Amino acid sequence: MSLSPEHQAEIDDLRARPQSTLRSTAPGMEGHLYTAYPVLDHGFVRVIDYMGDDAAICQAARVSYGKGTKSVSNDEGLIRYLMRHWHSTPFEMCEIKLHVKLPVFVARQWIRHRTANVNEYSARYSILDREFYIPAPEHVAAQSTVNNQGRGELLEGAEAARVLEILKADSARAYDNYEAMISQDGQQGLARELARMNLPANIYTQWYWKVDLHNLFHFLRLRADAHAQYEIRVYAEEICKLVADWVPFAYKAFEDYRMGGATLSATALDCIRRMVKGEEVSQENSGMSKGEWREFMQVVG
């Protein structure tokens, strides 16, 4: 991981001048402000700013529902009720702004979550750094034989070494050509907005990403899942740690009802009721396809 001298100077300056505030703060998140947490070989996640906490979620819910929440005796219970019954707007009262450094191919996956505000490093204006994601040997794997969008068994020995060498050599060659094209030494030099097209998808970019808690939970449910691609999952897992310190009640409810829970179809619920009654249920008499049955069995064990 590497912070630019400018970013490090900004962090040092902000930490040297702490300011008092009248707004609510989350002690767990205050300790994370401006700290860059490493991800992958050159990436990081750091909190730039945040708004709200567990109390803000409850405050919004009580304004919205009024007397309807009087039976809930405490903030944690109310938050769990909101999460359990899919009440999303109170969670939208909390927001977080992150500075993320990540490979371009990860950014292209990430940006599909179109519920955030994003400002990315401009390769039209600035020159990209010579930093590329090269996977560790334990993450170099073959195409999965059962999942068209996943990886399977690890590559080993000479094949793994050959793949890693290709990745390193191609990245270096592409960047050498990028530098040669934009150079103004004895030539006009190609415009940066054109030269960037030759760079590989494993080069690092950076952005500020601001999102509310409801949409952040949706992102984490998908990207911190064990089935998500490793390279985006490790970013999501790092963000999970930050959120757990920011809104501990909300994050615990999210773990229980979203990450650790399961959504079942009416057909699946009917199968469970039949199983509880002692009936022998199989894929053939379940009313499910083979794929649905396989996923159902993974849930019920």
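Helices are DSSP runs of H or I with at least four residues, numbered from the N terminus. By this numbering, Val 300 is found in helix 13. The structure described here is a predicted model.

**Surface patch**

Helix 13 covers residues 290-300 and supplies the largest share of a nonpolar patch, namely 3 residues. The patch lies on the surface and is formed by Met 275, Met 297, Val 299 and Val 300, which together have about 280 Å² of accessible area. Val 300 has a relative accessible area of 35% and is therefore partly exposed, since that class lies between the limits of 20% and 50%.

**Paired strands**

Strand 3 pairs with two other strands. With strand 2, strand 3 pairs in the antiparallel sense over 7 bridges. With strand 7 (residues 204-212), strand 3 again pairs in the antiparallel sense, over 9 bridges. Glu 95 takes part in both pairings: this residue of strand 3 is the bridge partner of Met 51, and Glu 95 also stands opposite Asp 212 in strand 7. Strand 3 is mostly covered, with 7 of its 9 residues buried. In a regular strand, side chains alternate between the two faces of the sheet.

**Positive phi angles in loops**

Two residues other than glycine have a positive phi. For Leu 40 the angle is near 55 degrees. Leu 40 is placed in the loop between strand 1 (36-39) and strand 2 (43-51), and its relative accessible area of 23% makes Leu 40 partly exposed. For Trp 86, phi is about 60 degrees. Trp 86 belongs to the loop between helix 4 (75-84) and strand 3 (95-103). With 58% relative accessibility, Trp 86 counts as exposed, because exposed means over 50%.

The model contains 1 cavity of 30 Å³ or more. The largest cavity has a volume of about 70 Å³. Its lining consists of Lys 101, Tyr 121, Leu 128, Asp 129, Glu 131, Tyr 204, Thr 205 and Gln 206. Strand 7 contributes the largest share of this lining, 3 residues.

**Salt bridges**

The count of salt bridges is 18. The table lists three of them.

| Glu 193 | Arg 124 | 2.6 Å |

Glu 193 forms its salt bridge with Arg 124. This pair links distant parts of the chain, 69 residues apart: Glu 193 is in helix 7 (residues 192-195), and Arg 124 is in the loop between strand 4 (117-120) and strand 5 (141-143). Glu 193 is partly exposed, with a relative accessible area of 35%, whereas Arg 124 is exposed at 53%.

Asp 176 is partly exposed at 40% relative accessibility, and Arg 130 is partly exposed at 39%.

Asp 170 counts as partly exposed at 40% relative accessibility, and Arg 173 counts as partly exposed at 47%. Elsewhere, salt bridges that share partners join Arg 80, Lys 252 and Asp 256 into one network.

Definitions and conventions: Residues numbered from 1 in each chain as written. Predicted model: local features only at pLDDT ≥ 70, side-chain atom pairs only at ≥ 80, totals over all residues. Heavy atoms only, no water. Patch = residues over 30% accessible without salt bridge, like charges linked within 9 Å, V, L, I, M, F, W, Y side chains within 5 Å. Areas by Shrake-Rupley, 256 points an atom, 1.4 Å probe, with all protein chains shown as cover. Salt bridge = Lys/Arg side-chain N within 4 Å of Asp/Glu carboxyl O. Buried < 20%, exposed > 50% of the residue type's maximum accessible area, 1.4 Å probe, protein only. Pairing = 2+ DSSP bridges. 1 Å grid on protein atoms, 1.4 Å probe; cavity = no way out; pocket = protein on both sides within 12 Å on 5 of 7 lines; lining within 4 Å. Points joined across faces, edges and corners; volume = space filled by probe spheres on them.
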